[in-house]
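Thanks for coming. I will take one structure and go through it part by part, so please keep the picture in view.

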Amino acid sequence: MEQKTIISTENLVKTYKDNGMEAKAVRGISLEITSGEFTAVVGPSGSGKTTFLNLISGLDTPTSGTVQINNRLISEMKGRELSDFRRDNIGFVFQSYNLIPVLTVEENIEYIMLLQNVPKRERHDRVIKILDKVGLNGMESRRPTQLSGGQQQRVAIARAMVSNPTLILADEPTANLDSKMGSELLEMMKVLNETTGMTFIFSTHDQMIMERARRLITLKDGIVKTDEIR
Amino acid sequence: MIIFKIAFRSIFRQKRRSILTALSMFGGFFLSAFFIGFSDGSYNQIINMFTRNNLGHIQIHESTYLDKPSLYKTIRDYEDIYKKLQSIKEVDAFTPRIYSAGIVSVGEKSTGVKITGVDPKRENIATNFNKKIYEGDVFSDENSYEVIIGKGLAKILKASPGDDLVVISQGADGSIANDSFKIVGLSKSGNELEDRITMYIPIKVAQELLTLQGRIHEIAITIKKLNTVPEITELINEKIGSDKIIAEPWQAFAKSFYNAMQADVEGMWVMLVIIMFVVAVGVLNTVLMSVLERRREYGVLKAMGTKPGDIIKLILVEINILAVICIALGSIAALGINYYLSIHGITLAEPFSYGGMYFRHMTSEINLRSFVIPAVIVILSATVVGFFPALKAAKTDPAKAMRTH
């Protein structure tokens, strides 16, 4: 598979100001991530992992430096343009699943497609297909509260992937799961990564993810300490 | 559609909070609908007492008569006007009148009076004149020299039915008009001030006494629907087609009464503003609380690409679904109570006076505005107040919201 750079950051800096005090969460990260990577961003608490993920997803804006995704400068985007870009290019998987509790599994997964104006029939077909991939066949009409933590996270992964985004950003996806469930989920994401070619970037403390990742970026005090490709 | 789904289902998520919000909306709607229905019922009852039972809804006079009444400002071709009034189907009834001032005496007692010449038959149909007679009888004949006097006037003159009464007044030809009448009945109009000075004689006798043959001062008209008074007045003026003889609505010839009513109606709006405020506070409190609790959810929606405008829409739709449910339930409750009170009414322990008339039994009314105004109030206040929390939710920073556990 041909690999091209899909994320490129240059001298990325993020400084938070609180009561006149400045705290530098990211202190100048420059790196490139190519398509199809299965990358883990690791480091101790406060090392800047989540901030880095927020910056490359456009959820946060850098104090200085640039972020490019698919050669588009997202660090300069604002409002509607940025929100449309996120919708079409980035899938999110959160530590606490963050499914919409009042929607069924099917409705949660099709939400992004509704924002993209995908026709009803296609939405339904894609939901059924992705549910099959994440092993939740027949659960489309259940509510999140009727699912286990692992099942909810599978729905979250299905929701992130259903619109075929350029990359999936997963912030501590296994943190709320037991090791067996975490391992199963991780295995599933790896298979999805290999079969779909979608890029996965994790922010994690989880040893299992670190072991399975093909690239391990270690952050410390807001800078890249090591960048290991396996 | 998905926004509507999330909004609708979210109502049942925090049932206690939704019930609290709904209670303030339901309460506000019900109180407003009841209050407007009851006020309208009471006001219309008072207006009816003044108009249907007394003054009429519309009156026709010589054009300057109302500004400065005079014995000489008369309507001559009133039979012709009768024909025109009969051709208007919205006109219920009409009756001619003559007015003059005079002095009356019974035995050794004398006092000033307002002489009112009435057509007994027409007056009965138009203003239920016969129902005002509480002692004695109605006129035996339209040419009889009989008089019906007000209750208060009878008290002043120490007179009762069967007594003779002498009237002194001025004729239109400048002569002194005087004659002797027999008191046949005592009347009670509900207006105490009026009853102290009023005496009624048949209109033909009044024309002869005051040398006003073929002339009258007023035609009082009652119509089928009170709310069509302006249009019917205009129609009558078109039919009469004269600048000298004009029809005017009750708001013009009972101006001070109308102004007092208007002041009372403004009081009702103050009450509605207070109710709106109560609804607004209730909604603001609970919606703000809900938005703060669901901050993370809004953050997720925004992260996935939901536009701020859609988040605002989501919250406002949620509030308005609740408002519509409350309006529907409130309408049923308000309809029930207003229907009951429109039939049975409320009897007050002590009667209250309005414009010299006494009221004891008040009834409600079922009309469209008593539902539309509260519905607009509830939806408007909920939307306006909900906009602030909605804006707050729309501004949720996804990165910050996601950090909040």
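Start with helix α12 of chain B, which runs over residues 308-343 and so counts 36 residues. From its first C-alpha to its last, α12(B) reaches 51 Å, close to the 52 Å expected at 1.5 Å a residue. Keep in mind that this is a predicted model. What follows α12(B)? Gly345(B) does, and its phi is positive, near 65°.

Next, the domains. Chain B is divided into domain 1, made of 2-51 and 258-403, and domain 2, which covers 97-203. The centres of these two domains of chain B, taken over C-alpha atoms, are separated by 53 Å.

Now the interface. On the chain B side, 22 residues are in contact with 26 residues of chain A. Between them the two chains bury about 2,200 Å², with 63% of that on carbon and sulfur atoms. Which three residues supply more of the area that chain B buries against chain A than any other three? They are Arg9(B), Met304(B) and Lys307(B), and they supply 30% of it.

Ten residue pairs are in polar contact between chain B and chain A, both residues being at pLDDT 80 or more.

Where on chain B does the touching side come from? Helices α1 (2-11), α11 (295-303) and α14 (398-403) of chain B each supply at least two of its residues. α11(B) gives the most, with six residues. By type, the residues on that side of chain B divide into nine nonpolar, four polar and nine charged.

Last, a pair inside chain B. Over all chains, the structure holds 31 salt bridges. Asp80(B) forms a salt bridge with Lys84(B), where the closest N and O atoms are 3.5 Å apart. How are these two placed in their helix? Asp80(B) and Lys84(B) are separated by about one helical turn, because they are four residues apart in helix α3 (residues 78-86) of chain B. An α-helix has 3.6 residues a turn, so residues three or four places apart point the same way.

Terms used: Residues are numbered from 1 along each chain as its sequence is written. Chains are lettered from A and ligands numbered from 1 in the order in which they are written. This is a predicted model: local features need pLDDT of at least 70, side-chain atom pairs count only at pLDDT 80 or more; totals for chains, interfaces and linings use all residues. Side-chain values use heavy atoms; hydrogens and water are left out. The expected span of a helix is 1.5 Å times one less than its number of residues. Domain bounds come from an automatic or database domain assignment. Contact means heavy atoms within 4.5 Å. Buried area is the accessible area (1.4 Å probe) that two parts lose on being put together, summed over both. A polar contact is a pair of N or O atoms within 3.5 Å; within protein, one must be able to donate a hydrogen and the other to accept it, and residues adjacent in sequence count only if both atoms are side-chain atoms. Ala, Val, Leu, Ile, Met, Phe, Trp, Tyr, Cys and Pro count as nonpolar, Asp, Glu, Lys and Arg as charged, and the others, Gly among them, as polar. A salt bridge is a side-chain nitrogen of Lys or Arg within 4 Å of a carboxyl oxygen of Asp or Glu.
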